[in-house]
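Here's a quick briefing to read alongside the model. Have the sequence and the 3D view open as you go.

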Amino acid sequence: MIRPFASSKISQTPKYTNPEYRTSTSIVQAAMLPTYLKIASRKLIRNKLYSFINVVGLALGICACLVIYLITRYEFSYDNFHPDLDRIYCVDAVVFGGRWHSVPGPMPAAMRREMTGMQTVAAYQTYGASVTIPPDQPTNPST
């Protein structure tokens with residue numbers, strides 16, 4: 001299916017086999033860099049709205065990727081500094097349809113008493129304190 005004139009051109013050796021006539025691709029690319037920058041700046045100036053939309057979209061995409069990376073890195077590194085990480089468990093309580101990262105007060109003592117195979121049980125309970133100042137009291141102690 002190959003025509004005779006095409007096959008004869010394929011089998012021909014290059015005209016210049018001397019290494020002095022060959023150009024390096026890195027030199028050519030380095031010489032073209034100012035031209036590429038000039039063409040890019042002209043296109044950016046000519047199409048201002050389109051360029052603005054593209055640059056803002058790229059910046060938002062990069063920011064979103066960085067935020068997602070930082071969040072996942074933090075979540076996967078949470079409490080990884082403990083020496084026996086594979087032996088540590090967290091017990092959460094489900095109360096009124098919500099999941100709490102704490103347990104009721106008597107639960108750690110009951111776990112120590114009734115469950116076997118646990119070396120140490122530590123209790124963690126959240127405490128939400130609120131401080132209120134009565135309106136008739138002065139807020140500044142110096143007055």
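How many salt bridges does a search of the whole structure find? The search turns up 1 salt bridge, meaning a side-chain nitrogen of Lys or Arg within 4 Å of a carboxyl oxygen of Asp or Glu. Keep in mind that this is a predicted model, where local features need pLDDT of at least 70, side-chain atom pairs count only at pLDDT 80 or more, and totals for chains, interfaces and linings use all residues. Residues are numbered from 1 along each chain as its sequence is written, and side-chain values use heavy atoms, with hydrogens and water left out.

**Overall layout**
- The protein has 4 helices and 2 strands, taken as DSSP runs numbered from the N terminus (helices: H or I, at least four residues; strands: E, at least two).
- Reading from the N terminus, the order is α-α-α-β-β-α.
- Of the 143 residues, 5% are buried (buried is under 20% relative accessible area, exposed over 50%, partly exposed in between, with a 1.4 Å probe and protein chains only).

**The salt bridge**
- Side chains of opposite charge can pair when their charged atoms come close.
- Here the partners are Arg87 and Asp84, with their closest N and O atoms 3.8 Å apart.
- Arg87 is exposed at 52% relative accessible area, while Asp84 counts as partly exposed at 39%.

**Surface patches**
- Patches are built from residues with over 30% relative accessible area and no salt bridge, joining like charges within 9 Å and nonpolar side chains (Val, Leu, Ile, Met, Phe, Trp, Tyr) within 5 Å.
- Lys38, Arg42, Lys43 and Arg46 make up a surface patch of positive charge; Lys and Arg count as positive, Asp and Glu as negative, and His and the chain ends are not counted.
- For these charges, the place is taken as NZ of Lys, CZ of Arg, CG of Asp or CD of Glu.
- Arg46 sits in helix H2 (residues 25–46) and is exposed at 59% relative accessibility.
- Ile53 belongs to helix H3 (residues 48–76).

**Cysteines**
- The disulfide count is 0, a disulfide being a pair of cysteine sulfur atoms within 2.5 Å.
- The sulfur of Cys63 has its closest cysteine sulfur in Cys65, 9.4 Å away, so it's too far for a bond.
- Cys63 is partly exposed at 44% relative accessibility, and Cys65 is exposed at 55%.

How values were computed
Accessible areas come from the Shrake-Rupley method with a 1.4 Å probe; for residues, only the protein chains shown count as cover.
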